[in-house]
Structure formats: structure tokens, C-alpha cells
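I opened a notebook for this protein and looked things up one at a time. The entries follow in the order I made them.

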Amino acid sequence: MDDDKSKTQAKGQAGIESTEMSLHQKLSALELQGPSYEPDKHTLSMESKFFAVVIIAAQLVFCVLFGVWFDYDLEKIGHQLELYPYFRDVLIMVVFGFGYLMSFLRRYGFTAVKSTFMVTVFTAQFSLLLGAFFKTINSDELSFGNKYFVSLDDLIESLFCAATALIALGGILGKYTMSQLTALVTVVPIAFWLNAYVVVMKLECHDVGGGMTIHTLGSAIGITACYFLTHEDTREHPSRSSNYSSDLASLAGTIFLWVLWPSFNAAVAPPAGQLIAIANTFISLCGSTMATLITSRIFSQRKFEVVHIQNSILAGGVAMGTAGDLPITLAGAACTGFVTGVISTLGYIYMTPFMSHRLNLQDICGITNLHFVPGVISAIVAAIAVAALNSSTEFPHGGAQAGFQVAGLCVSIGFGV
């Protein structure tokens, strides 16, 4: 018995030593041969080559045009330094807020942050060029033969354009290739400035925080892209779900957006309207937060759904995007935020599933409920406000301004689609 046990132990020990020798020999052979890689891993696909060529070519064009056409606007340095806190807040919103808000998908968190950086830096530079082009066309004082003096107003507007592209990106998050992303960041700035040229420069619509030109336009582009990028295999895909960690990271983005949204709506407002925009936006956000918590609790089996907290509490900021700097009273701002919060939350509960299963629109981030519907509400509120305030406030078109506001909303939706 003892002899059999000793033989078994000896065989086991010999087997271990043999395995160790075999592993040692294999490692030694690998060290002598050096690292071995398959050639396929070093071969760029056609899509990767296209992406690289387009981005490099675009950056070269940006550098050349910035060098020959742009200069610094140093004459109004005092006003520019006053705008810097707004520029900083909007930059944090765009990069950190939108980037982390879209990181809720457990398999696409890094993709969301990476794409946010790419979209922001590309569209911001492209937007500077397009903005200078359209402003020169629309102005009698500017000329293509002279330098264009860039200011913080221009930089803030370039971030507004980046926000528009990121809103569109939210609808197709996790469903696009790099070539499709390149097409998106090329098309959105062109659509943004064409729309701004018609709505703001020609129709002279009031849109201080981009309710029409940012939120409505960006979400309309994203919803349209959703239609073409939604397939049977994308619905209910396990990779397009969240977990505790990804939802927590997304909530960090929500918090930053919520805190800084008043700066977003007040950044380009006239000095007299900045205080009004900050107050109206803050109170509207409070109203939408209260509405979201109540509605989510009632319609979600007496619990708070994290997707509602991540998104619908921000609907009040979007609702003040067009009329934020108008004296609609704090009561008006609170009611607008509350109603928009209820509608946005119900949209996530009922509209998002309906769009996915019946309309072939898989809206990944729910931009319909966070940006499109609240953006339309903001335009309607502005139309009502300018009609009511026409006797006490001067508007470019006088008593007809409300009609021009509605026309601006239709144009924005048209450019988006």
C-alpha cells in the first residue's frame, strides 16, 4: 500500500517537473525567436486608411487657413476676459459633461469619451472657419481680403457647434464606424452654420441658448441617422446595456451638465440678459428635476429609474434654450421646466420603445426626449413670450416676431432631416 502511494507521488512529481521543463523550453524558444506577430494586425483596412487621410488632410487645411486668414481680436480685451468663465463652463460641459453622459453603455464607455474628444476638436476648428465665412458674407464691414479677428464669442460658438454634433452622435452611439463618424463631423458643422445663417442672421430669430439651432437641429440629424443605422441585430443587443459602474460614470456627466447649464444659456446673451438667463435656466432645471423624480417614481413601480435621472432632469435647461434671457418670470420658468420634465420622462417610458419597435428608430441616448421635444417646447415658449412682450420689448420684426420664431423652428427641423 505504501509502495503504491510512493510510486503515485513519484509519478506526480515527475509529471510536474516534465511540465515545468516543457514550459521552460517553450519560453526559451520564444525568447530566441523574438516576438512573432501576424501580418494582418499591421495591415490597415481601407476604412482606417480613409479615416486617417481625411483627418490629416482636414487638419492641414485648418492650419493653413488659420495662418493666412485669422488673427487675434485684442481691441475689446476687457469684454473678452469677462466671457472667459462662460467659455470655460461651456468647454467643460461639452467635453466632460457630454462625454461622460454617453458612457452609460457598459461596452462603449471608452468609445463615448474618445468620440467626444474627436468630435469636439474637429467640429470646433471647422466651425471657426465656417462661422467666419458666413459672418463675412452677412456683414458689410468684413471682407475676405482682410484678416478675420477671432474672439471668445467665436470660440464659444464653435463649442455650440460641437455640442450640436455630440447631440447627433448620442442617437447612434455604438452603431457607427469611424468613416461614418467622419461623415457626421463634416456634415453637422455645415448644417449648423447654414441653419444659423438662415434662422439667426436672415430671419433674425431669438435663440439665445440654441433651443432651435443646437438642440432641435442636432437631435433631428441624430434621429435621421438612427433610421439608417438601426437594424434587427442592433435591437436588444447585450452590448447596448448598462451596469452599475457605467451608470455611475454617466451620472457624473449629468451632474456637470446640470451645474453648468445656466452658463451655456447665458454665454452669448447680451449683458442685460445674462442674469435673466442664469436665473430662468436654474429655476427651470429645478422644475424639471422635481418633475422627473415624481414621474419616474409613479410610473416605474415606485422606484427611480437611473435613465430618467441621467437625462430628463436636464430637460429644463433645454427648455430655456430659446427664451432663456427673456423676462418670462421665474414662475414661467418653473412651470416650463416642470412640464418639460414630465414630458421627457414619459418619453423615455413610452416613446423610446415605440420608436424602436414600430418606427425602426433605435435612439440610443434618448435624444428625442432630452433634446428634440424640449427644443421644440423652448421654441414654442419663445414664440408665446415674444408675442406677450412685444409691447415692452423691442424685437427685429415687431409684432410679427412670433411668426418668425415658428418659421425658425421649422427651418431647423428641415435642415436636421
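This is a predicted model: local features need pLDDT of at least 70, side-chain atom pairs count only at pLDDT 80 or more; totals for chains, interfaces and linings use all residues.

In which helix is Val 381 found? I looked it up and found Val 381 in helix 13, which covers residues 367–388.

**Entry on Val 381**

I then listed what Val 381 touches, leaving out residues up to four places away in sequence, and got Ala 323 and Thr 336. I also looked up Met 320, which is 61 residues from Val 381 in sequence. In space, the C-alpha atoms of Val 381 and Met 320 are 8.4 Å apart.

**Entry on aromatic rings**

How many aromatic pairs does the structure hold? I noted 21 aromatic pairs. I took Trp 69 and Phe 144 as one of them: their ring centres are 5.9 Å apart and the planes stand at 35°, so I wrote this pair down as tilted. Trp 69 belongs to helix 2 (residues 46–69), while Phe 144 is in the loop between helix 4 (109–138) and strand 2 (148–150). The pair therefore ties together parts that are 75 residues apart in sequence. I looked up the accessibility of both residues: Trp 69 is buried at 13%, whereas Phe 144 is partly exposed at 47%.

I then looked at Phe 133 and Phe 134, whose rings form an edge-to-face pair. Their centres are 5.3 Å apart and the angle between the planes is 85°. Phe 133 is partly exposed, with 37% relative accessibility, and Phe 134 is buried, with 10%.

I made a separate note on a charge and a ring. The charged end of Arg 297 sits over the ring of Phe 304, at 5.5 Å from the ring centre.

**Entry on a pocket**

What is the volume of the second largest pocket? I wrote down about 590 Å³. Its lining has 24 residues, and Glu 157, Val 200, Asp 207, Val 208 and Val 268 lie nearest the centre. Helix 5 (152–171), helix 6 (178–202) and helix 7 (211–229) each give at least two residues to this lining. Helix 6 supplies the largest share, five residues. By class, I recorded 13 nonpolar, five polar and six charged residues in the lining of this pocket.

**Entry on cavities**

Rolling a probe the size of a water molecule over the atoms shows where empty space is left. I found two cavities of 30 Å³ or more.

The largest cavity has a volume of about 70 Å³. Among the residues that line it are Phe 98, Leu 101, Leu 166, Asn 311, Cys 365 and His 371. Helix 3 (77–101), helix 5 and helix 13 each supply at least two residues of this lining. I sorted the lining of the largest cavity into eight nonpolar, three polar and no charged residues.

The second largest cavity holds about 40 Å³ of space. Its lining includes Ser 127, Lys 135, Tyr 148, Asp 154, Glu 157 and Trp 193. Helix 4 and helix 5 are the elements that give two or more residues to it. Helix 4 gives the most, with five residues. The classes in the lining of the second largest cavity are four nonpolar, two polar and three charged residues.

**Entry on backbone angles**

Most residues other than glycine have a negative phi. I looked up two residues with a positive value.

Where is Glu 204 found? I located Glu 204 in the loop between helix 6 and helix 7. Its phi is near 55°. Glu 204 is partly exposed, at 35% relative accessibility.

I did likewise for Asn 360, which has a phi near 60°. Asn 360 is in the loop between helix 12 (329–358) and helix 13. At 24% relative accessibility, Asn 360 is partly exposed.

Terms used:
Residues are numbered from 1 along each chain as its sequence is written. Side-chain values use heavy atoms; hydrogens and water are left out. Helices (H or I, at least four residues) and strands (E, at least two) are DSSP runs, numbered from the N terminus. Contact means heavy atoms within 4.5 Å. Rings of Phe, Tyr and Trp (its six-membered ring) pair if their centres lie within 6.5 Å; planes under 30 degrees apart count as stacked, over 60 as edge-to-face and the rest as tilted. Buried means under 20% relative accessible area, exposed over 50%, partly exposed in between (1.4 Å probe, protein chains only). A charge sits over a ring if NZ of Lys or CZ of Arg is within 6 Å of the ring centre and within 35 degrees of the ring normal. On a 1 Å grid over the protein atoms alone, a cavity is a set of points where a 1.4 Å probe fits but cannot get out, and a pocket is an open set with protein on both sides within 12 Å along at least five of seven lines; lining residues have an atom within 4 Å of a point. Grid points are joined across faces, edges and corners, and a volume is the space filled by probe spheres set on the points. Ala, Val, Leu, Ile, Met, Phe, Trp, Tyr, Cys and Pro count as nonpolar, Asp, Glu, Lys and Arg as charged, and the others, Gly among them, as polar.
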